[in-house]
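Here is a short briefing on a structure. Please look at the sequence and the model first.

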Amino acid sequence: MKLWVNEQEITATPGQTLLEALRAAGFEIPTLCHLPGAEEPPVPCGMCMVEVEGRGLVRSCVTPVEEGLKVFTDTEAVKEVRRKRLQGMVANHYGDCKAPCSIPCPGGLNIQGYIAFINRGEYASALSLIKEKLPLPATVGRICPRFCEPRCRRAIVDTPVAINHLKRFVADWGLEHGEPKPEIAPPTGKKVAIVGGGPAGLTAAYYLRLKGHEVTIFDAQDEPGGMPRWAIPDFKLSKEVLRKEVQGILNLGISFRPRKAWGRDFSLKDLFDEGFDAVFLAIGASKCRDHEVPGEEKTTSGLGLLFRLKKGEPLETPRKVLVMGGGYTAIDVARSLVRLGAEVTLLYPRSRMEMPAPQREIAEAEKEGVKLFLMAMPLKISQEKDLYRVLVARTRLSEPDKTKARKVVPVEGTEQELTFDLVVRAWGEEPFTDFSGFGEIEAQLATNPKGMLKVSPSGATNIPGVWAGGDFVSGPKTVIQAVASARRAAEDIHRYLLGEQKAKKGAVSVKFDFNRGRRMEEMDVDFYADFPTLPRERPAELPPEARKDNFSEVLATFTEEQARKEAERCLKCGCLGFHKCTFRDLLIRENVAATKGRKRAKYKVETDHLFIEVDSNKCVGCYRCVRVCNYGGIELTIFDQGSPEEEIHFTFTEDCVSCGACVDVCPTGALTRKDSTIPFTRSEAKELRTVCPYCGTGCNLIARVKNGSILEMTAAEGPPNYGDLCVKGRFGYTFYRHPERLKKPLLRKSREEAFREVPWEEALDFVAERLREIKEKYGPETIGVLCSARTTNEDTYVAQKFARAVIGSHNVDNPARV
Amino acid sequence: MRALRKGLKLVVVDPRKTELAEKAVLWLPLKPGTNVPLANGIAYVILKEGLYRKDFIEARTENFEAYANYILSEWPLERAERMTGIRREHIEHLAHLYARAEKALIFWGLGVTEHRSGSQGAMAMANLALLCGHVGRPGTGAMPLRGQNNVQGACDMGALPYTLPGYQKMADPLVRKKFQDIWGVPLPEKPGLTETMMYKEALEGRFKALYVVGYDVAMTHGNLNRVHEALSRLDLLVVQDIFWPKVADFAHVVLPSACLFEKDGTTDNGERRVQRIRKLIDPPGEAWPDWKIIAEVSKRLGYEMPYQSARDIFEEMRRIMPSFSGITYERLEERSLCWPVPDEDHPGTELMFQERFSRDSGKAFFAIPKHWGPEDKTDTDYPFVLITGRRLQHYNCGSMTRRVEGLLELLPEELVEINPKDARKLRIRERDPIKIVTHRGEVTARAHITTRVRPGIIFMDFHFEDPLTNILTSPGIDTEVHTPEYKVAAAKIVKL
């Protein structure tokens, strides 16, 4: 039979629906409520509309094909209908597509995901998920300013989840217990030079190494680690933790060349001559900024002081110190000097709230005895022998100038002279810019007006084969920002090395992401009132008096118990139906924004079902759940569907057998699985087909696997189960990660003894030895082998062969009778 | 469910009103242990009324005359009615439905096989299929439903004392030669012991060591006290498992193994469908695939098993088992295959016995199904029949399902099903703790009052370590293959 589609001839088989015929011919027709073999929904979704000449708009899923039909898909009229319908659904949708905590994170970490893994006790998986984006979690877990935590929705309930402490917990768990080595791609034969072994350099090295490239890090210092190694004081991040973490990265097969400084020991040309195919420059920003105070040159550099401390150089302890500045360096120097017994005053020309250092750290400094001298500036510094005289004035802010900036001006008549044993300047750092003289390639590097390198968003410079990232490019920023820039650069370098085109970035913008409100005042407080309050866990902390005269880490890592409790506090904002959401796909396809989504919840989240969570706020009224159910397990009534007055009544009946077919056909996050707590996208997870481990029907399963964990099990089409599963098949798979799994061989020589853990060698030797003795003494017919009904054919074949060929007896049986 | 909606007629024969029985057009709650009488009663109706397929019987079967005489003379309908407790009209109705159907299937579970005359029951039903020619065509057949994921495969691989991999005969000299060529050692001469006999021998001091792979015999075997006694007499007990099984309490060595999500391989479902198991994740800690553990022990006993992967083992299986010779991992990548698959171009055998049966003559043989009553008989002291079985929410010994939070919450404990009439007589109310006593021992559990069981019958599962239901089960075993008689035990109930 012939049809015309968009003026193109196609053939169809009588009895087909238009939808089937069109899809078979390769036309993409969207559907939402379509469920082959099921009855019609009360209100069809209308997505499959096409225009048929002479009949107007028809639903292709219920229209039989007829000879000579002239069909038009995606016409303006069709698109208009779809848009209207989708807008109606959007207006009734309330939820967060993505977890709000992950959005401000420069590293783009799947925070909800790793918290969920921690909650499940799957620490190795949590770490593997983190390391997809961040190879230095123990470091960042100690010093991150936590862009995420202020956005945590639990703040509406009580206090934000301690995200960074959780990351630190799991990172330290990995350092202590070891973690599975990540998979390294086969060698590509390409060589990359990384200049600078700080967070950016290490990150780029890590991701490039995983792609199979040969990576060498050049660093001016003795050891890798950059600022975290040489500037961040031990009481925030201990050398040992950093060393361990960095060593883990180098152990992947990355070479490190110490005491090699760019410009002193080599130039870019040298690197290319040596055979490197690409270079990543990440030498950080360690040039001390000055403040144009007369006499400032006589003061000590704060960063220099920190360097000397971290190098272990002895310092003469001054008695009375002035530290000038309000950023990380200033606070770190002040806190370090306090530990050396000094009386420290920290001077900053603006208010406490304007200090660039995190408020948390300022408070800690105060606790430790640092005196803050705010709204004050030095006017002149002079030195007489061992004494500094500093002329200080109080400050006020000027009226806003053209750029609305308010400058600091001294208040006349407030000048006073103070004396100190030592004055430290810590006004901040900036990148080194005098690299153009290093060599012929360096001379061609394009710079911006400030003299800093000019790079693309992915860190590429104007010279092919040369990238840069981290503080060197951005000026001093946080570690997580350096990591993020280096990871982007590494991806770009990898593409360059393999000659791949830049991946086409999907034009999927945030406008398709529903959110429950961006600002506090937008949020539906009533919705959050249903979540029980849980106090935030606090890591153990050294009391201020115990911090004197030592550089031990002030904050401890969460205990396992604390981490599990804290992980339990996560509200799981990000939609756990994200990977199966075809509704969102439709919004993107039809370009319907999610911005008109509701900001008020209509329904409570129902968590009574043992395996399924129901959030009717995300229901689009397709009735697929009811229609797929073979047992009458769901009652669903929707009043005024599609209108703003829409009201949804959803309940599970007592006939529900928990087979879970409804969850997996739900095209949104209205129905989600309690076992599937890691948000993920379809392309991230590996889909593997296997067989259910329970009964003898042998239902085929599709497992979604990521980070060494099974994220969910769904039914495979085809024999023997044809897309169906029972409660055990769909939800019963989680036994594999139960903490009671046997993990080590256990042995006792007699039944009177207690079992003890032994190495495999010992257990196997014992078994073989005893079997040999018994066989020799009593004969093979006194030995038997019982096989399993839960292992593979290969296992059983080997076991019966063991009985027959090795023991020498047909004494072999299996649980066929149980 | 889809088939039922399309008009399939379902008849359920079960003393207990199962979930499936609720969907049936006819539910026949026969007396426990009377499967042979019922099947023979149905045969009687078919023979008496001439509803059998003469052409099929002539062309494809042997021994019909003897069978027909046996049934007609020994199994008059009154006898079946008296023994099964099913009215003759219902037996006739079922016989008519089955014989007159164009296509009909018989499925059975352990409710048929776990009796003294379990094998007889299976043969009695196979006879019905032969009588009506309901074999060898799509939508027909008589088959057991397999309770465990790879119990079919365990049998197919020859984990049985009386048959070799692929059901090859031990007595066949050509077969023995082939095994010797491939394995490099001659096959043992003496036949082997079934599991039940191993315990018997152990109790008598003639059996010394047991190597148990992923099978909690100390929980799931019948008449457990005897099994526990036998296990503690062993000089060596080695256990491989994923969780600590009850049998490990008696062991010397407990070895951690990978579960089905953590290794590659194949399994066979109840349709003989060979399917690929794929490794999804790494095993926890130091756990290994079962085959690797055994291969390592084997090496230490001087026999090398140099397999590098499950695939290596499969290649050897193909060489040794003609029914698997056409199956390769590559073919399984595309789709599953039902054995026998004699060569790589063979599409697999979803339907068996289309032209020949697997006997030398190619014809099916009508067995003469005999009936032996259960070993345990109810009396005034032990008035109840205890049936054991499984429930949807849990799997076998429950080691896996009890460790899935939701499943455990769905069914957190053993509940003894008892009919409201009996409960009233004994003054038992819902969830009352009761003691169940048989000649072997006693356990305590809570009661669940339901009409799923008929008066005089109680039902328990064996998914929990406490109570250990199989303490109670009968010492009776199937006369042919020694399957314990889980389905009938005389019991009494004591209200606590």
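Is Tyr623(A) buried or exposed? Tyr623(A) counts as buried, because 23 C-beta neighbours lie inside 10 Å and the cut-off for buried is 20 or more. Note that this is a predicted model.

**Backbone: positive phi**
- Most residues other than glycine have a negative phi.
- Tyr623(A) has a positive phi, near 60°. Tyr623(A) is in the loop between β22 (612–614) and α22 (624–628) of chain A.
- Arg259(A) also has a positive phi, near 55°. The loop between β8 (255–257) and α11 (268–273) of chain A holds Arg259(A).
- Arg259(A) is exposed, because 11 other C-beta atoms lie within 10 Å and the cut-off for exposed is 12 or fewer.

**Backbone: cis peptide bonds**
- Most peptide bonds are trans.
- The bond from Trp339(B) to Pro340(B) is cis, with omega near 0°. Pro340(B) sits in the loop between β11 (337–338) and β12 (364–365) of chain B.
- Asp466(B) and Pro467(B) are joined by a cis peptide bond, with omega about 0°. Pro467(B) belongs to the loop between β17 (457–461) and β18 (489–495) of chain B.

**Interface of chains A and B**
- Contacts link 92 residues of chain A with 106 residues of chain B.
- Helix α26 (residues 793–807) of chain A gives the largest share of chain A's side, 13 residues.
- That side of chain A has 48 nonpolar, 25 polar and 19 charged residues.
- Strand β31 (residues 783–786) of chain A pairs with strand β6 (residues 209–213) of chain B. The sense is parallel, over four bridges.
- Leu786(A) stands opposite Val212(B) in β6(B).

Methods
Residues are numbered from 1 along each chain as its sequence is written. Chains are lettered from A and ligands numbered from 1 in the order in which they are written. This is a predicted model: local features need pLDDT of at least 70, side-chain atom pairs count only at pLDDT 80 or more; totals for chains, interfaces and linings use all residues. Two residues are in contact if their C-beta atoms, placed from the backbone, lie within 7 Å. Helices (H or I, at least four residues) and strands (E, at least two) are DSSP runs, numbered from the N terminus. Ala, Val, Leu, Ile, Met, Phe, Trp, Tyr, Cys and Pro count as nonpolar, Asp, Glu, Lys and Arg as charged, and the others, Gly among them, as polar. Two strands pair if DSSP finds at least two bridges between them.
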